[in-house]
Amino acid sequence: MGLFDRLRGDDGPRVAFFGIDGVPYSMLSEHFDEFENLAALADEGSAGAIDSIVPPESSACWPSLTTGVNPGETGVYGFQDREVGSYDTYVPMGRDVQATRIWDRVHDADRQATVMNVPVTFPPQRDVQRMVSGFLSPGIDKAAYPDDLRDYLEDIDYRIDVNAKLGHDDDKSDFIEDAHETIDRNHEAFKNYVEQDDWDLFFGVYMTTDRVNHFLFEDYEKDGEYKEEFLEFYRKVDQYLGEMRELLPDDVTMVVASDHGFTTLNYEVHCNEWLSQNGWLSYEDDDHDELGDIAEETKAYSLIPGRFYINLEDREPRGSVPEDEYEAVRDELQAELEALEGPDGNKVADRVVTREDAFRGDHDDIAPDLVVVPNHGFDLKSGFKGDDDVFGKGPRNGMHSFDNACLFVDDPDARIDDADLLDIAPTLMDLLDIEYDRTAFDGSTLLS
């Protein structure tokens, strides 16, 4: 037991949440004989596969997981969003998340939270006990609060994220070494503050799992060159989660979850190239590399991952589709996307979701008109530089999936069946025994 356990009084139950970004439940459960700590957590508590959100992209998923509401409320739809009434785009940061985070609710209840390495939390908040921001942070010097946290992290050579460029090399040895070093430093810091801090909610995310999956998942699924290295990395993940569970006092419930699933990537689908080849998208000149270069006659364009926007009159600066034609144009585009097949003859789209069905809230003014949830194997890209072919393959061999995210709760009364990402935040609130308005969440508690 940690020092904090001896210092604090009995102020109510506590929760330690550990995120393992992009880890599919089926991969873990198929290897419970090797991943003994996760197997024990599943056996003694509750565990299973859950659904992600639309779209299943980390920049959108973590704001939704940590708030319990959909992107229409968080205001974050993906790695790249567009300004209202403009073709300008931006990369959403923590300040762009418009909904209330779980740790803010803890703070409002006069309790303490330690938050480490959560994506889309830069800059770090000052109203929690301590925070180091995760994915999209520029560096530890600006991503950590308070100063003693920054100094400690610099002393241990803490890593916010893996050097993903190393994964582009044919020889993955340096990438794998970097992934191990990154998760080692993450774990060292998490372990230190799990033991040291007087927290009610500890919320930490291992982002490295997502990176390893992007570059090694096909090796795992298809017995490739790096399958053993993939499994060895996950043995370490299991070991580290087991160490965390051992550290936690009896009044702490451990929760482990991923934000989306993962599968092998067979084809990258260059959505804007498909739109261009099929008469939906045109550019003002040949030298184009961003959304602002589209021509007025454009009827639709795309942003990652699989988000499609009608170039609507009076909404877009050079909108060409009159409002009274919107529904018909969108229906036509939806039908073409639903019919799109890959080189292997398989349908690209598992389903095509309209904005009305996917999003609701005060910040849906930049919501896409359609979102393609792809079938396994099709990774939807949306660059504007132009590609010769609609279908291709880059250095990544793994891709996100909407289904098959994972959730483990060290409580046998938790109900995992039919759960999704939006159910996690209200479940944490119940585990913490903090009162809340149930209408504040799109999800619902998994505790009976």
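**Close-up views of the domain interface and an open sheet**

**View 1. The interface between domain 1 and domain 2.** In this predicted model, about 2,800 Å² of area is buried between domain 1 and domain 2, and carbon and sulfur atoms give 64% of this area. The domain assignment places residues 14-265 + 399-432 in domain 1 and residues 267-393 in domain 2. The centres of the two domains, taken over C-alpha atoms, are separated by 29 Å. Domain 1 brings 30 residues to the contact, and domain 2 brings 38 residues.

View 2. Three salt bridges are found across the interface of the two domains. In the salt bridge of R307 with D81, the closest N and O atoms lie 2.8 Å apart. On the side of domain 1 that touches domain 2, at least two residues each come from helix 5 (71-74), strand 3 (81-82), strand 4 (89-90), strand 10 (261-264) and strand 18 (398-401). Helix 5 gives the most to this side, with three residues.

View 3. The strands follow the order 12-13-15-14 and pair in antiparallel fashion. Strand 12 (300-303) and strand 14 (349-354) each have a single partner strand and stand at the edges, so one side of each has no neighbour in the sheet. On average, neighbouring strands of this sheet are turned by 25 degrees against each other, direction ignored.

**View 4. The pairing of strand 14 with strand 15.** Strand 14 and strand 15 (residues 370-374) run antiparallel and are joined by five bridges. V352 has V372 of strand 15 as its bridge partner.

Conventions
Residues are numbered from 1 along each chain as its sequence is written. This is a predicted model: local features need pLDDT of at least 70, side-chain atom pairs count only at pLDDT 80 or more; totals for chains, interfaces and linings use all residues. Side-chain values use heavy atoms; hydrogens and water are left out. Two strands pair if DSSP finds at least two bridges between them. Helices (H or I, at least four residues) and strands (E, at least two) are DSSP runs, numbered from the N terminus. Axes are lines fitted to C-alpha atoms, for helices over the stretch in contact, and angles run from 0 to 180 degrees between N-to-C directions. Domain bounds come from an automatic or database domain assignment. Contact means heavy atoms within 4.5 Å. Buried area is the accessible area (1.4 Å probe) that two parts lose on being put together, summed over both. A salt bridge is a side-chain nitrogen of Lys or Arg within 4 Å of a carboxyl oxygen of Asp or Glu.
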